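Subject: Structure handover and findings

Dear colleague,

Please find below the structure that I am handing over to you, followed by an account of what was found in it.

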Amino acid sequence: DMRPVCSYTDYFVICTGQNPRQTKGIYDEVHERLKHESRVMPANVEGVREARWILADYLDVVLHVFTPEARDYYRLEELWEDVPFVEPAVAR
């Protein structure tokens, strides 16, 4: 939960695609599922064209989809190391 250290969202979801095409594919899939299954649209999206770091702001959740190089460069986990990490449940 980000609220103790961040006033604008509850959660960050951080994931990695192996290249810009896969990064965009991950974002596209999340976007389509949230749009069709939950009727949720992001308030803002950045980085889709370059697809090295796509940031989608769903208000309560901010989605970050990185290429490996961008994730290593920006190191969000280190910037927010005070926040507890929650391992997501994997759908099978």
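In the hairpin of β2 and β3, which residue takes a positive phi? That residue is G47, with a phi near 85°, and the hairpin has 6 residues between its strands.

Some conventions come first. The model is predicted, so that local features need pLDDT of at least 70 and side-chain atom pairs count only at pLDDT 80 or more, while totals for chains, interfaces and linings use all residues. Residues are numbered from 1 along each chain as its sequence is written, and side-chain values use heavy atoms, with hydrogens and water left out. Helices (H or I, at least four residues) and strands (E, at least two) are DSSP runs numbered from the N terminus.

The sheet

An open sheet is formed by 4 strands in the order β1-β4-β3-β2, with mixed pairing; two strands pair if DSSP finds at least two bridges between them. Because β1 (11–16) and β2 each have a single partner strand, they stand at the edges, and one side of each is left without a neighbour in the sheet. On average, neighbouring strands of this sheet are turned by 10° against each other, direction ignored. Axes here are lines fitted to C-alpha atoms, for helices over the stretch in contact, and angles run from 0 to 180 degrees between N-to-C directions.

With β2 (residues 44–46) the pairing is antiparallel over 3 bridges; N44 has D57 as its bridge partner, and E46 has L55. With β4 (residues 61–66) the pairing is also antiparallel, through 5 bridges, and L55 stands opposite H64. The hairpin of β3 and β4 has 3 residues between the strands, and L59 in its turn has a positive phi of about 70°.

In a regular strand the side chains alternate between the two faces of the sheet.

The core and the helix

The largest nonpolar core has 7 residues: Y27, A51, I54, A56, Y58, L63 and V65. A nonpolar core is a set of buried Ala, Val, Leu, Ile, Met, Phe, Trp, Tyr and Cys residues joined through side-chain atoms within 4.5 Å; buried means under 20% relative accessible area, exposed over 50%, and partly exposed in between (1.4 Å probe, protein chains only). The elements giving two or more residues to this core are β3 and β4. Beyond its neighbours within four places in sequence, L63 is in contact (heavy atoms within 4.5 Å) with V13, C15, Y27, V30, I54, L55 and A56.

Helix α1 lies across β1, β2, β3 and β4, and runs at about 155° to β4. H31 lies in α1 (residues 20–38) and counts as buried because its relative accessibility is 13%. Apart from neighbours within four places in sequence, H31 is in contact with M41, P42 and Y58.

The structure holds 2 salt bridges, each defined by a side-chain nitrogen of Lys or Arg within 4 Å of a carboxyl oxygen of Asp or Glu. One joins K24 to D28, with the closest N and O atoms 2.8 Å apart; both residues lie in α1, 4 residues apart, about one turn of the helix. K24 is partly exposed at 31%, as is D28 at 30%. Another joins R33 to E29 at 2.6 Å, N to O, and these two also lie in α1, 4 residues apart.

Loops and aromatic residues

R49, in the loop between β2 and β3, counts as exposed at 80% relative accessibility. T67, in the loop between β4 and α2 (68–74), is buried, with a relative accessible area of 4%. Not counting residues up to four places away in sequence, T67 touches T16, G17, N19, P20, T23, A51 and R52.

The structure holds 3 aromatic pairs. One of them, Y73 with Y74, is edge-to-face, at 4.8 Å centre to centre and 85° between the planes. Rings of Phe, Tyr and Trp (its six-membered ring) pair if their centres lie within 6.5 Å; planes under 30 degrees apart count as stacked, over 60 as edge-to-face and the rest as tilted. Y73 is exposed at 64% relative accessibility, while Y74 is partly exposed at 37%. W53, F66, Y73 and Y74 form one aromatic cluster.

Yours sincerely
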